[in-house]
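Please read them with the structure open.

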Amino acid sequence: MTSKNGTEPIYKFYINGEWRESSSGEKIVVNSPYLNKPIGSVQAITQTEADEAIRFAHKSQQEWKRVSLQERAKYLYKWADELILMQEEIAEIMMKEVGKGYKDAIKEVARTADLIRYTIEEALHMTNDSLTGDSFPGGAKSKLAIVNRVPLGVVLAISPFNYPVNLAAAKIAPALISGNAVIFKPATQGAISGTKMIEALAKTGLPAGLINLITGRGSVIGDYLVEHNGINMISFTGGTKTGLRLAKKASMVPLVLELGGKDPAIIRSDANLEEAMKHIISGAFSYSGQRCTAIKRVLVMDDIADAFVSRLKTEIEKLSVGSPEQDSVIVPLIDEDSADFVQGLIDDAVDQGATIITGNKREHNLIYPTLVDHVTEDMKLAWEEPFGPVLPIIRISSDDEAIHIANESEFGLQASIFTNDINKAFSIANHLETGSVQINGRTERGPDHFPFLGVKGSGMGVQGVRKSIESMTREKVTVVNLY
Ligand code: NAP
Ligand code: G3P
């Protein structure tokens, strides 16, 4: 990192164990979404530098794949320790860079250290398979198949802005522990947090070339990385539009895509409304709703809707609004464009007859928590992902109607069902086209060892510690013919 007198720091990219400035000479200024000033700049690397990174990654991975699990584990344990040592510094930067409350940022770093440690343990205890030929008709007993898992090679890890450390490490750790090398492309708004995370990894003495930090706008360097024939696997987390573009451009490499969501919360008449309300408030509005798994629509039974909306209004109006430095729940959105998009959804709903129960107030990229009632299926807010603090209420009259509306969405990440009837809960859950269903809980990815996946427009493939390790390795079958 370098900085000139009085200007913000200039961060370098990291290739083959070296921190470097790009020969492009171009820097991308990163502005704080709430300080509304630059907090630093990152390199806009060239395609030649990307080629170099991928070349070094392949070279180092040839050695790394032969290193024992125990040896690999030592570096990653140290990484977790270094992250905790840097926890306050990283949290401070994350807060300024993506507007996440300081306490949430501290928690994200701690959660990441836990994830890394769990990933190591999972890898150390994964077992392989073996089969004898005679378990198949006519198969020879003398044939023994030993099935191991081997690394794919060089993993391209692309992460989003909203969890700039946790969602990046959730890719990097399983990749490294399973013997891969990594090309890491953080979200530009989040790249400084990502850089600090890589600083922690560099301190472990990890052999050069195994982790390479590539900074630059995805719209400029993204396609080149995705189409590069030196990439053996892509693990992407981000918006559905970006994911779709990436999937069309990626050649024959395994993909894991964790994309957008429009998670519904279905509130049945027999639900514990106070409990449901707590989960919906935190599920919809924490970090201003900038979570892929945020609750982004409430499907509530007609007969309890008025009472439920009234309770939601009361609690929403208690939410803290302001700066992440005060750990406000509602903080400025990541940028003005995002706020414009959210405001557009609210305006469209109002224009078509929806009712603002509370909110619909904006100060630059800060949008006050907004509850919109009587949202109907012809409004954009019923279907689009706001990634902001706006919650539409859709009134329903039956479980079947809830399932129909929930499944009509292009997304299929998670869903919540609130009810006291566990049989009904499972019956509805079995009909929902989502990766996961929460019964009497808010939609959320954690804990991080649970399988986490989206279907339809919410992604393909599965994350979660063990699943991530599996996605970055492949089977290798060795058949022994015993005589
Ligand atoms: P985004 O705009 O799609 O960006 C995600 C990443 O893709 C960034 O690193 C971005 O780089 C990069 N990128 C952009 N264009 C690219 C291209 N052509 N090729 C390759 N990479 C490219 O998403 P975001 O705004 O950071 O995050 C918000 C979205 O991510 C929401 O839709 C949210 O639901 C989703 N998300 C999903 C999950 C999940 O686990 N399902 C978790 C978190 C977020 P730049 O930043 O330089 O553009
Ligand atoms: O959008 C990021 C997603 O991974 C949310 O994580 O645990 O807050 O649901 P979580």
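1. In which loop is the place of Asn36? The model is a predicted one, and in it Asn36 sits in the loop that runs between strand E3 (27-31) and strand E4 (38-43). The phi of Asn36 is near 55°, which is a positive value in a residue other than glycine.

2. On the division of the chain, domain 1 comprises 10-259 + 461-477, while domain 2 comprises 263-449. The centres of domain 1 and domain 2, taken over C-alpha atoms, are separated by 31 Å.

3. As for the interface, 26 residues of domain 1 are in contact with 21 residues of domain 2, and the area buried between domain 1 and domain 2 comes to about 1,900 Å², with carbon and sulfur atoms giving 56% of it. Of the area that domain 1 buries against domain 2, 24% is supplied by Pro33, Tyr34 and Phe161, which is more than any other three residues supply.

4. Across the interface of domain 1 and domain 2, the rule finds 1 salt bridge. A salt bridge is also found between Arg111 and Asp448, whose closest N and O atoms are 2.6 Å apart.

5. The peptide bond that leads from Gly446 to Pro447 is cis, with omega near -5°, and Pro447 belongs to the loop between strand E21 (436-439) and strand E22 (452-453). For context, most peptide bonds are trans.

6. Finally, helix H2 (residues 69-85) packs with helix H5 (residues 166-177) at an angle of about 155°, their axes being 9 Å apart. Because angles over 145 degrees count as roughly antiparallel, H2 and H5 are roughly antiparallel to each other. On the side of H2 the contact is made by Leu69, Arg72, Ala73, Leu76 and Trp79, and on the side of H5 by Ala169, Ile172, Ala173, Leu176 and Ile177. Sorted by class, this contact of H2 with H5 has 9 nonpolar residues, 1 charged residue and no polar ones.

How values were computed. Residues are numbered from 1 along each chain as its sequence is written. Chains are lettered from A and ligands numbered from 1 in the order in which they are written. This is a predicted model: local features need pLDDT of at least 70, side-chain atom pairs count only at pLDDT 80 or more; totals for chains, interfaces and linings use all residues. Side-chain values use heavy atoms; hydrogens and water are left out. Axes are lines fitted to C-alpha atoms, for helices over the stretch in contact, and angles run from 0 to 180 degrees between N-to-C directions. Helices (H or I, at least four residues) and strands (E, at least two) are DSSP runs, numbered from the N terminus. Angles under 35 degrees count as roughly parallel, over 145 as roughly antiparallel, 65 to 115 as roughly perpendicular and the rest as oblique. Contact means heavy atoms within 4.5 Å. Ala, Val, Leu, Ile, Met, Phe, Trp, Tyr, Cys and Pro count as nonpolar, Asp, Glu, Lys and Arg as charged, and the others, Gly among them, as polar. Domain bounds come from an automatic or database domain assignment. Buried area is the accessible area (1.4 Å probe) that two parts lose on being put together, summed over both. A salt bridge is a side-chain nitrogen of Lys or Arg within 4 Å of a carboxyl oxygen of Asp or Glu.
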